[in-house]
Amino acid sequence: MKLFLTPFALAVLGLHAAAAPLKVLLVDGQNNHAWQQTTPELKAILEENGFATVEVATSPAKGADIGAFKPDFAAYQVVVSNYNGALWPEATREAFEKYVGGGGGFVSVHAANNSFPEWKAYNEMIGVGGWGGRNEKSGPLLRLREGKWTADTTAGSAGHHGQQHEFLMVTRAPEHPIMAGLPAKWMHAKDELYDHLRGPAENVTVLASAFSDPATGGSGEDEPLLFALSHGQGRVFHTALGHGLEAIKDVGFAVTLQRGTEWAATGKVTQKVPTNFPTETAVSPRP
Ligand code: ZN
């Protein structure tokens, strides 16, 4: 006997319709971070429970000719960047702009927001970035003033962090699909807390922030760290978290990456928040 179950019936039974895994392309190959260690962990997070299939496009090494780096972005639903290196060749930049502008998903992880200070469309996609000579000419800072994220055009450099530590993440857009069901506050594993990111900062929703404490060398401001953006018809999830393995092997990092990647790819989030999500007082390392 064949049993047909509607999506509603499946939901009642607590089952998921057998949705095809998301097709993800992860780009790496150059980064001032340990991308050889972090890429397999990012891949494992995204492939957990058959949620996605991840193929990796590794660029030529730093200093080698980047000219032949031409991933087939259009063959994937979402591109995840673990790349911070040489400017991609013009044809690759054009293909990427066309891909995201035409509705493709993009996810920027940690130092991917250091990349490409000179590439206008890329900076529009990520909203804000740091280092690479960025300054007030790159755009404003996003500062929380009277409950609103406000463009601050004060002159100065972009990109800084204090010493690594565990810190409290604060949800700033609880109604957004990526954040729906997540706690208002949760502890994030030991990581770099980026401050003073700057950029065009348009079409951006700040999803979560953390207070950058001067006691750990921080800015004394609530720093935006998770972002959702639109770029043309495309969606972008930007996480400034994820310096190294300790930061990445963390349930809060993993869940926000999974949900942000699904949203960037499809505009929806179907994943439930796991019961081992970190709390306001305790981090939760990945099993
Ligand atoms: Zn870092």
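His-33 is buried, as its relative accessibility is 13%; buried means under 20% relative accessible area, exposed over 50%, and partly exposed in between, with a 1.4 Å probe and protein chains only. This is a predicted model, where local features need pLDDT of at least 70, side-chain atom pairs count only at pLDDT 80 or more, and totals for chains, interfaces and linings use all residues. Residues are numbered from 1 along each chain as its sequence is written, and side-chain values use heavy atoms, with hydrogens and water left out.

His-33 and Glu-192 link distant parts of the chain, 159 residues apart. His-33 sits in the loop between strand 1 (22-28) and helix 2 (35-47). Glu-192 sits in the loop between strand 9 (185-191) and strand 10 (194-195). Helices (H or I, at least four residues) and strands (E, at least two) are DSSP runs, numbered from the N terminus. Glu-192 is also buried, at 7% relative accessible area.

## Cavities

The model has two cavities of 30 Å³ or more. A cavity is a set of points, on a 1 Å grid over the protein atoms alone, where a 1.4 Å probe fits but cannot get out; lining residues have an atom within 4 Å of a point. Grid points are joined across faces, edges and corners, and a volume is the space filled by probe spheres set on the points.

Leu-141 belongs to strand 5 (residues 141-145). Leu-141 is buried, with 5% relative accessible area. Beyond four places in sequence, Leu-141 touches Thr-150, Ala-151, Asp-152, His-196, Leu-197 and Arg-198. Contact means heavy atoms within 4.5 Å.

Gln-258 lies in helix 6 (residues 251-266). Gln-258 is buried too, at 7%. Its contacts beyond four places in sequence include Ile-45, Phe-51 and Gln-271.

## Positive phi angles

Glu-146 is not a glycine, yet its phi is positive, near 50 degrees. Glu-146 lies in the loop between strand 5 and strand 6 (148-152). At 86% relative accessibility, Glu-146 is exposed.

His-196 also has a positive phi, about 60 degrees, without being a glycine. His-196 lies in the loop between strand 10 and strand 11 (204-211). His-196 is partly exposed, at 29% relative accessible area.

## Confidence

The average pLDDT of the protein is 95, and 94% of the residues score at least 70. pLDDT is the predictor's confidence in each residue, from 0 to 100. Values stay under 50 over residues 1-8, where the model has two contacts beyond four places in sequence. They also stay under 50 over residues 10-17, with five such contacts.

Note on methods. On a 1 Å grid over the protein atoms alone, a cavity is a set of points where a 1.4 Å probe fits but cannot get out, and a pocket is an open set with protein on both sides within 12 Å along at least five of seven lines; lining residues have an atom within 4 Å of a point.
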